[in-house]
Amino acid sequence: MHDENDNDLVTQRRQQLHAMRATVPAFPNNFKRDALAADLQAKYEGKTKEALEQTPVMVAIAGRMMTRRIMGKAAFAHIQDMSGQIQIYVRRDDLPEGHYNSGFKKWDIGDIVGVTGTVMKTNKGELSIHAATIVLLTKSLQPLPEKFHGLTDQEMCYRQRYVDLIMNEQTRKTFKIRSAIIDFIRSYLSNEHYMEVETPMLHTIPGGATARPFTTHHNSLDMDIYLRIAPELYLKRLLVGGMEKVFEINRSFRNEGLSPRHNPEFTMLEFYQAYADYEDMMNLTEDMLRKMTWSLFETNTITYQGACYDLARPFARMTVVESILKFNDTISATDLQSLDKTRAFAKQLNIPLEDAYGLGKIQIEIFEKTVETKLLAPTFITHYPTEVSPLARKNDDDPFVTDRFEFFIGGREIANGFSELNDSEDQAARFRQQVEAKKTGDVEAMYFDEDYITALEYGMPPTAGEGIGIDRLVMFLTDSATIRDVILFPHLRNK
RNA sequence: GGGCCGUUAGCUCAGCCGGUAGAGCAGUGGAUUUUUAAUCCAUUGGUCGGGCGUUCGAAUCGCCCACGGCCCA
């Protein structure tokens with residue numbers, strides 16, 4: 001930010017900084033801390049004021065000054081570091097000459113300081129550091145939001161996440177949990193002997209999902225390329241190569257609208273396991289989520305947006321058709337076998353239909369409209385129509401559907417998995433259907449990926465795979481209403 | 001895409017039957033050696049999101065636009 005944009009508060013602070021530059025190194029980097037606020041709280045909270053006075057403990061802490069109360073020749077302030085906050089007690093006569101009046105008293109809330117001193121307790125019982133020295137490590141030029149209400153403007157929280165993180169404990173907590181979730185996934189899969197891999201984000205043929213890609217251009221090759229919409233087809237090439245258990249925690253990109261559940265870039269876990277089927281994936285998912293919640297919260301009961309979810313109980317399982325019947329009294333199982341009757345029912349629900357839609361696609365439209373948001377308790381929905389599952393293996397008993405499931409919790413899709421289609425001839429036929437759909441105007445339909453077919457022709461073992469939406473999972477486990485609350489820098493329009 | 005709500009000091013918010021903009025916190029000056037939303041006295045600070053219109057006069061009424069939020073598709 002330039003001087004001409006400064007308000008009075010910034011101008012004052014800039015003047016202080018300029019005055020400081022003239023006398024001392026303004027941004028020193030030689031202060032070594034040896035303690036974190038939360039560790040000190042944990043270690044010394046139980047000690048009495050007297051005990052701490054009898055055996056003084058010297059520590060060095062550093063962090064941002066969040067509050068300050070000056071009472072003449074003594075003052076209190078709170079210092080915030082990555083672990084939490086701790087109070088400091090600063091007395092003029094206990095500091096080197098000049099440090100109090102010409103230093104500390106002139107600094108501002110928001111400044112980053114280093115403090116050495118002894119651990120003490122105040123008369124009111126708050127653990128504090130009695131400062132022996134205090135140095136300014138970084139001058140903050142921008143004033144922080146008000147101490148009591150903090151930053152509440154959601155737009156500002158997203159646009160200036162750094163301020164949100166400084167001010168809001170809940171935001172810090174959400175992203176700590178996000179990190180812990182990803183940690184847990186890595187260790188869980190690693191423990192199951194999965195190998196973490198990295199596949200391209202720049203794709204010459206976007207594939208692995210039905211979605212519109214972002215397009216960009218490679219200058220020296222003079223070719224259009226796409227940001228990946230999913231890593232699936234590359235991961236399955238690795239299965240052909242003999243990597244029998246792989247996973248990738250991937251950023252994928254889809255060129256679609258923004259919503260409380262959609263960000264144009266999002267994080268997915270995809271994992272694949274040879275000699276497994278979709279039921280193995282469901283079992284793994286159930287086990288992993290149960291252990292995850294226990295590992296994170298030491299409970300399997302999760303509160304999300306006021307509702308309670310028990311992940312200890314077995315997750316429900318039902319087919320797409322069963323779920324439609326459960327939530328729609330006015331259509332029968334036989335009707336759902338009939339294209340005409342199902343189409344009429346969808347029209348009754350005001351679902352816009354294309355002529356090209358077959359029975360399976362219409363069933364899924366009905367499912368999304370009437371079932372999805374009602375799947376609150378953890379539920380696997382299985383037997384997705386082959387028409388809408390171009391990469392999934394057909395069911396042996398009923399080729400109209402595939403060996404596929406999606407997982408729902410809180411009315412929201414979290415995961416999608418299936419027994420993989422490893423019949424190269426069937427896959428080629430499915431791709432051709434997708435290309436036809438694209439010709440008739442389906443912008444989300446897939447391209448024909450010849451190299452992927454070639455890979456399958458070398459032989460991919462029977463395999464099952466799954467994708468889990470990490471952002472949505474984090475939303476659920478952090479009680480966040482929107483995806484923007486679980487992405488550090490969510491996409492917003494330019495102001 | 002449609003509907004509703006919001007945008008006023010650095011932050012959190014009043015003001016909205018039109019009559020020259022206010023509080024708290026932060027800041028500034030002063031008092032204060034155990035405070036914790038510290039306290040006490042004094043005080044600075046605003047293109048009222050942007051534009052156009054109505055009017056003698058618009059933060060306030062109307063229209064358009066931008067950004068955000070919620071709901072619906």
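Predicted model: local features only at pLDDT ≥ 70, side-chain atom pairs only at ≥ 80, totals over all residues.
Residues are numbered from 1 along each chain as its sequence is written, chains are lettered from A and ligands numbered from 1 in the order in which they are written, and side-chain values use heavy atoms, with hydrogens and water left out.

Colleague: How many residues surround RNA strand B?

Modeller: A residue counts as near the strand if one of its heavy atoms lies within 4 Å of it. The closest are Gln12, Asp93, Glu126, Lys147 and Glu155, and by class the surface has 13 nonpolar, 12 polar and 16 charged residues. The number of residues that surround RNA strand B is 41.

Colleague: Which residue has a side-chain N or O atom 2.8 Å from a base oxygen of RNA strand B?

Modeller: A polar contact here is a pair of N or O atoms within 3.5 Å. For the base oxygen, the side chain belongs to Thr122.

Colleague: What is the volume of the largest cavity?

Modeller: On a 1 Å grid over the protein atoms alone, a cavity is a set of points where a 1.4 Å probe fits but cannot get out. The lining of the largest cavity, including Pro206, Ile229 and Tyr447, divides into 9 nonpolar, no polar and 2 charged residues. Its volume, the space filled by probe spheres set on the points, is about 50 Å³.

Definitions and conventions
Polar contact = N/O pair within 3.5 Å; in protein donor to acceptor, adjacent residues only side chain to side chain. Nonpolar A, V, L, I, M, F, W, Y, C, P; charged D, E, K, R; others polar. 1 Å grid on protein atoms, 1.4 Å probe; cavity = no way out; pocket = protein on both sides within 12 Å on 5 of 7 lines; lining within 4 Å.
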